[in-house]
Amino acid sequence: MATSNIYIVAFQLTDASDPDNPVVLTTPKITVIAEQEASMSIGEPNKQFIEIEVVINEGEPTIGTTEFSIIKGDRRASGKIVALVGQAAELQTGGFRIKVLIEPQSANRE
């Protein structure tokens with residue numbers, strides 16, 4: 001029986017509109033099974049909404065593609081980050097900074 005590899009994708013979303021005072025909005029983690037899409041939505045009462053979709057494509061090299069959309073008040077940003085497994089990637093857009101780190105998880109936990 002074949003087993004699918006599992007990855008943990010950790011994010012740090014920062015409001016960097018004031019470079020002297022960046023504010024971390026959220027640091028979610030999502031579990032992703034290789035070759036399947038995983039998504040997460042985070043809504044806050046203070047007019048903040050974050051949507052994230054992740055796909056891990058195994059191969060040489062194994063990469064993860066993250067698409068995101070952020071709404072905070074009247075500001076909006078969206079984009080795509082492609083990251084190698086085990087290497088942090090970062091994108092700054094629309095006054096927001098998004099960091100992504102994809103880590104493989106052991107299939108047989110002891």
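Me: What share of the 110 residues in the protein chain is buried?
Reply: Buried residues make up 33% of them. This is a predicted model, and a residue counts as buried under 20% relative accessible area.

Me: What makes T65 buried?
Reply: Its relative accessible area is 18%. The cut-off for buried is under 20%. So T65 qualifies as buried.

Me: Where is T65 found, and what is it in contact with?
Reply: T65 sits in strand β6, residues 63-72. Leaving aside neighbours within four places in sequence, T65 is in contact with E53, V54, V55, K80, I81 and V82. Contact here requires heavy atoms within 4.5 Å.

Me: How far apart are T65 and P22 in sequence and in space?
Reply: They are 43 residues apart in sequence. C-alpha to C-alpha, T65 and P22 are 25 Å apart.

Me: Which elements does the protein chain have?
Reply: The chain has zero helices and nine strands. From the N terminus on, the order is β-β-β-β-β-β-β-β-β.

Me: What does the C-alpha trace span along its principal axes?
Reply: About 50 × 25 × 25 Å. The accessible surface of the chain comes to about 6,700 Å². Carbon and sulfur atoms hold 46% of that surface.

Me: What share of contacts between residues at least 6 apart in sequence joins residues at least 24 apart?
Reply: The share is 35% in the protein chain.

Me: How do you know that the side chains of D15 and K72 meet in a salt bridge?
Reply: The N to O distance is 3.2 Å. A salt bridge needs the side-chain nitrogen of Lys or Arg within 4 Å of a carboxyl oxygen of Asp or Glu. The D15 and K72 pair therefore passes. The pair links distant parts of the chain, with D15 in strand β1 (residues 6-15) and K72 in strand β6, 57 residues apart.

Me: Why is the D15 and R75 pair called a salt bridge?
Reply: Its N to O distance is 3.0 Å. The limit is within 4 Å, so the pair counts. D15 lies in strand β1 and R75 in strand β7 (residues 75-84), so the bridge ties together parts 60 residues apart in sequence.

Me: What links D15, K72 and R75?
Reply: A network of salt bridges links D15, K72 and R75. D15 takes part in the bridge to K72 and in the bridge to R75.

Me: Are D15, K72 and R75 buried or partly exposed?
Reply: D15 is buried, at 7% relative accessible area. K72 has 25% relative accessibility and counts as partly exposed. R75 has 23% and is also partly exposed.

Me: How many salt bridges does the structure hold?
Reply: Three. One of them joins the side chains of E90 and R97, at 3.9 Å, N to O. The limit is within 4 Å, so this pair counts too. E90 is partly exposed, with a relative accessible area of 47%.

Me: How many charged side chains does the protein chain have?
Reply: There are 9 positive and 15 negative side chains. The centres of the two sets lie 7 Å apart.

Me: Why is the peptide bond from E60 to P61 called cis?
Reply: Its omega is near 0°. Most peptide bonds are trans. P61 is found in the loop between β5 and β6.

Me: What is phi of E35?
Reply: Phi is near 70°, a positive value in a residue other than glycine. Most residues other than glycine have a negative phi. E35 lies in the loop between β3 (29-33) and β4 (37-44). At 46% relative accessible area, E35 is partly exposed.

Notes:
Residues are numbered from 1 along each chain as its sequence is written. This is a predicted model: local features need pLDDT of at least 70, side-chain atom pairs count only at pLDDT 80 or more; totals for chains, interfaces and linings use all residues. Side-chain values use heavy atoms; hydrogens and water are left out. Helices (H or I, at least four residues) and strands (E, at least two) are DSSP runs, numbered from the N terminus. Buried means under 20% relative accessible area, exposed over 50%, partly exposed in between (1.4 Å probe, protein chains only). Accessible areas come from the Shrake-Rupley method with a 1.4 Å probe; for residues, only the protein chains shown count as cover. Lys and Arg count as positive and Asp and Glu as negative; His and the chain ends are not counted. The place of a charge is taken as NZ of Lys, CZ of Arg, CG of Asp or CD of Glu.
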